[in-house]
Amino acid sequence: MTLNDATAIQAKDLCFSWTENKPILNACTLEVPKGEFWMLLGTNGSGKSTLLRLLAGLLKPTSGTVALHSPVGFVFQNPDHQLVMPTVGADIAFGLVEEALPTLMLRLRVEEALSAVNLESFQRRPIYALSGGQKQRVAIAGAIARHCEVLLLDEPTALLDPDSQLDLVAQVQALVKHRGITALWVTHRLEELEYCDGAFLLEQGQVVDRGNPQRLKQRLMQSEESSLTQE
Ligand SMILES: Nc1ncnc2c1ncn2[C@@H]1O[C@H](COP(=O)(O)OP(=O)(O)OP(=O)(O)O)[C@@H](O)[C@H]1O
């Protein structure tokens, strides 16, 4: 499937099951406009992480199509699952190995990426000595160094304290705004919706609502309140 210039992420009629007769995604369709920051919301188990993995090509759909501008960067919930080298600079350089860049160019790409996430002075730091929020920023810097056009983030703030959580979401918002990256961010934290351009609501494997984040926030708060009063 080919994409027009205005759309950076597209999923059309995606179906996927982990086990027979139990569909997780059911004709799921979404589009993210290029250069925008969108969020994906939904109750636990609604299929958000599965959808993100299908978009990233980490899983193959049973049917339906996926198209994205590339390269694509993926940020996992737990940064310890993706940072593999002993130091910050080495980890980012590791992601560039395939490009076989001359040393000077490699150094510039690493420096540029670290400065984009405000970690210029962290190049020689050991990964183990970073906070959770700093590790997530290193993971994002890895994608920036690879000149990723699309960033897929799977609950990247789940393990962060509230201050680092809001710092990270603001950082991604700024990267989208200033670098023209397109980002899709999975969350269940409604306060993060303040930072995005739009949101999707996933229910039972389908996108049932999309658009203005404030309207979706109200809708979710009302459904949470009504489920509390029914208990
Ligand atoms: N590797 C797997 N093998 C089998 N079933 C899985 C696997 N990963 C997820 N599932 C199931 O698929 C469904 C959707 O899971 P998924 O992680 O995509 O949901 P989610 O919306 O991201 O949930 P959460 O908000 O709790 O992270 C769940 O029922 C889950 O148990």
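**Helix packing, domains and ligand shell in a predicted model**

Reader: At what angle do helix H3 and H4 pack, and how far apart are their axes?
Author: In this predicted model, helix H3 (residues 103–116) packs against H4 at an angle of about 130°, and their axes are 8 Å apart.

Reader: Which word describes H3 and H4 relative to each other?
Author: H3 and H4 are oblique to each other, because an angle over 145 degrees would be needed to count as roughly antiparallel.

Reader: Is the crossing of H3 and H4 left-handed or right-handed?
Author: H3 and H4 cross in a right-handed sense.

Reader: Which residues make that contact?
Author: H3 contributes Arg109, Val110, Ala113, Leu114 and Ala116, while H4 contributes Ala141, Ile144 and Ala145. By class, the residues of the contact of H3 with H4 are seven nonpolar, no polar and one charged.

Reader: Turning to H4 and H5, what is the angle there?
Author: Helix H4 (residues 132–145) and helix H5 (residues 162–179) pack at about 20°, with axes 9 Å apart. H4 is therefore roughly parallel to H5, since angles under 35 degrees count as such. The crossing of H4 past H5 is right-handed.

Reader: Which residues of H4 and H5 make the contact?
Author: On H4 they are Gly132, Gly133, Gln136 and Arg137; on H5 they are Ser164, Asp167, Leu168 and Gln171. The residues of the contact of H4 with H5 comprise one nonpolar, five polar and two charged.

Reader: A change of topic: into which domains is the protein divided?
Author: There is domain 1 (1–70 + 149–231) and domain 2 (85–147). Taken over C-alpha atoms, the centres of domain 1 and domain 2 are separated by 26 Å.

Reader: How many residues of each domain are in contact?
Author: Nine residues of domain 1 are in contact with eight residues of domain 2. On the side of domain 1 that touches domain 2, H5 gives the most, with five residues. That side of domain 1 has six nonpolar, two polar and one charged residues.

Reader: Which residues surround the ligand?
Author: The ligand is surrounded by Trp18, Ile24, Gly42, Asn44, Gly45, Ser46, Gly47, Lys48, Ser49, Thr50 and His188.

Reader: Which helix gives the most to the shell around the ligand?
Author: Helix H1 (residues 48–56) does, with three residues.

Reader: And how do the residues of the shell divide by class?
Author: Two residues of the shell around the ligand are nonpolar, eight are polar and one is charged.

Reader: Next, the backbone. Where is the cis peptide bond?
Author: A cis peptide bond joins Ser70 and Pro71, with omega about 0°. Pro71 lies in the loop between strand S4 (63–68) and strand S5 (72–75).

Reader: Which residue other than glycine has a positive phi?
Author: His147 has a phi near 55°, although the residue is not glycine. His147 is placed in the loop between H4 and strand S6 (150–154).

Reader: Why remark on those two features?
Author: Most peptide bonds are trans, and most residues other than glycine have a negative phi.

Key
Residues are numbered from 1 along each chain as its sequence is written. This is a predicted model: local features need pLDDT of at least 70, side-chain atom pairs count only at pLDDT 80 or more; totals for chains, interfaces and linings use all residues. A residue is near a molecule or strand if its C-beta atom, placed from the backbone, lies within 6 Å of it. Helices (H or I, at least four residues) and strands (E, at least two) are DSSP runs, numbered from the N terminus. Ala, Val, Leu, Ile, Met, Phe, Trp, Tyr, Cys and Pro count as nonpolar, Asp, Glu, Lys and Arg as charged, and the others, Gly among them, as polar. Axes are lines fitted to C-alpha atoms, for helices over the stretch in contact, and angles run from 0 to 180 degrees between N-to-C directions. Angles under 35 degrees count as roughly parallel, over 145 as roughly antiparallel, 65 to 115 as roughly perpendicular and the rest as oblique. A crossing is left-handed if the near helix is turned anticlockwise from the far one by less than a right angle, and right-handed if clockwise. Two residues are in contact if their C-beta atoms, placed from the backbone, lie within 7 Å. Domain bounds come from an automatic or database domain assignment.
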